[in-house]
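Subject: Structure handover

Hello,

Here is the structure for you to look over. My notes on it follow below.

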Amino acid sequence: MATDGAGPLRKVAVLGAAGGIGQPLGLLMKMSPSVGELALYDIAGTPGVAADISHVNSPALARGYAGEEQLGDALKGADVVIIPAGVPRKPGMTRDDLFAINAGIVKTLVSACAKHCPEALLNIISNPVNSTVPIAAQVLKAHGVYDPKRLFGVTTLDVVRAKTFYAEKAGLDVNTVDVPVVGGHAGTTILPLFSQATPKASLDKDTIEALTKRTQDGGTEVVQAKAGKGSATLSMAYAGALFADACLRGLNGANDVVECTFVESDVTELPFFSSRVRLGPSGAEEIFGLGALSDYEQEGLKAMIPELGSSIEKGVQFAKEN
């Protein structure tokens, strides 16, 4: 969790901080050298989580906030707000099954952000990200505070998985590996670009296809392995902390902070898309194109567009009707 952007210590709020992702994410953010104040919010349970995390000997001051009446205080002055709130996936559930519950939760929390910290960078983890990010955009627009540079869907776990699986298969040191992952954050909308992976490794077509599918199904792999007792919480917390730390380094002026993230974009015909983004003091400062794709990746891109488009539209419609 090193930081190379010298600058002021920042306030980070975690909404959903008593949950399966929120607790380890809070711990990791407490360890970040960029954080001076850590606000841990949930509907219940956060005073205990905050008391526990506050004993960690790092500079960030951790405070717990519980219940809607304390949400405003949790958010005031926040530079980055991370939202993992909502229900997790259970066996047999698709990300769409989560939609009805999590869409309402995200709408409520983002409305509070619009009122209490309109300039914060919002990191949306709550699934389905392909729909919850468009919901957040509509809510911010309704409050007159939408800045597309400050709203991010966290797809970092797809990148983390792609790097891990690629390094294992190619026999590489995972610390040296980079794999861009583009598209969305569910099933076939997740498109790892192994043709652009570094260092280069000569993997055959079948291996690339298997790695792609494993990256796309990573969440399901964990849900099944936990046998109904949870979803990908620890790896998601790690990925969420990586992305939040990148946002903080960008805010503090570090150079060349580039991460894949789901943002408003004109890289494709869709209004939102995940690709490599340079983060800086104003948030998303530059959105990079997809670069050269292999035939297999071009097919994957073409195939995902209808599903991703429909998930985005579903979010937009929900926000307009509720």
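Start with aspartate 42, which lies in strand 2 (residues 35-42). Strands here are DSSP runs of E with at least two residues, helices are runs of H or I with at least four, and both are numbered from the N terminus. This is a predicted model, where local features need pLDDT of at least 70, side-chain atom pairs count only at pLDDT 80 or more, and totals for chains, interfaces and linings use all residues. Residues are numbered from 1 along each chain as its sequence is written, and side-chain values use heavy atoms, with hydrogens and water left out.

Back to aspartate 42. Its relative accessible area is 14%, so aspartate 42 is buried. (Buried means under 20% relative accessible area, exposed over 50%, and partly exposed in between, with a 1.4 Å probe and protein chains only.) The side chain of aspartate 42 reaches the backbone nitrogen of alanine 17 at 3.3 Å. That is a polar contact: a pair of N or O atoms within 3.5 Å, where within protein one must be able to donate a hydrogen and the other to accept it, and residues adjacent in sequence count only if both atoms are side-chain atoms. Leaving aside neighbours within four places in sequence, aspartate 42 is in contact with Gly16, Ala17, Ala18, Gly19, Tyr65, Ala66 and Gly67. Contact means heavy atoms within 4.5 Å.

Next, helix 1 (residues 22-30). Is it enclosed by the rest of the structure, or open? Largely enclosed, because 7 of its 9 residues are buried. The buried ones are Gly22, Pro24, Leu25, Gly26, Leu28, Met29 and Lys30. They pack against strand 1 (10-15), strand 2, helix 2 (46-54), strand 3 (61-66), strand 4 (80-83) and helix 9.

Helix 9 (residues 234-251) also meets helix 6 (residues 156-170): their axes come within 8 Å and cross at roughly 110 degrees. That makes helix 6 roughly perpendicular to helix 9. Axes are lines fitted to C-alpha atoms, for helices over the stretch in contact, and angles run from 0 to 180 degrees between N-to-C directions. Angles under 35 degrees count as roughly parallel, over 145 as roughly antiparallel, 65 to 115 as roughly perpendicular and the rest as oblique. From helix 6, Thr156, Leu157, Val160 and Arg161 take part. Helix 9 brings Ser235, Met236, Tyr238, Ala239, Leu242 and Phe243. By class, this contact of helix 6 with helix 9 has 7 nonpolar, 2 polar and 1 charged residues. (Ala, Val, Leu, Ile, Met, Phe, Trp, Tyr, Cys and Pro count as nonpolar, Asp, Glu, Lys and Arg as charged, and the others, Gly among them, as polar.)

Leucine 234 lies in helix 9 too. Leucine 234 is exposed, at 59% relative accessible area.

Now leucine 290, in the loop between strand 11 (283-287) and helix 10 (295-321). Leucine 290 counts as buried, at 14% relative accessibility. Not counting residues up to four places away in sequence, leucine 290 touches Val182, Leu193, Gln196, Val267, Phe273, Ser275 and Leu301. Valine 181 is 109 residues from leucine 290 along the chain, yet their C-alpha atoms are separated by 9.6 Å.

On cysteines: how many disulfides does the structure hold? It holds 0. A disulfide is a pair of cysteine sulfur atoms within 2.5 Å. The sulfur of cysteine 117 has its closest cysteine sulfur in cysteine 113, at 4.3 Å, too far for a bond. For cysteine 247 the closest is in cysteine 260, at 13 Å, again too far. Both cysteines are buried: cysteine 117 at 6%, cysteine 247 at 1%.

Last, the backbone. Most residues other than glycine have a negative phi, and most peptide bonds are trans. The exceptions I would list are these:

- A cis peptide bond joins asparagine 127 and proline 128, with omega about 0 degrees. Proline 128 is in the loop between strand 5 (121-124) and helix 5 (129-142).
- Threonine 198 and proline 199 are also joined by a cis peptide bond, with omega about -15 degrees.
- Alanine 227 has a positive phi, near 50 degrees. Alanine 227 counts as exposed, at 57%.
- Aspartate 256 has a positive phi, near 55 degrees. Aspartate 256 sits in the loop between helix 9 and strand 9 (257-264) and counts as exposed, at 66%.

Best wishes
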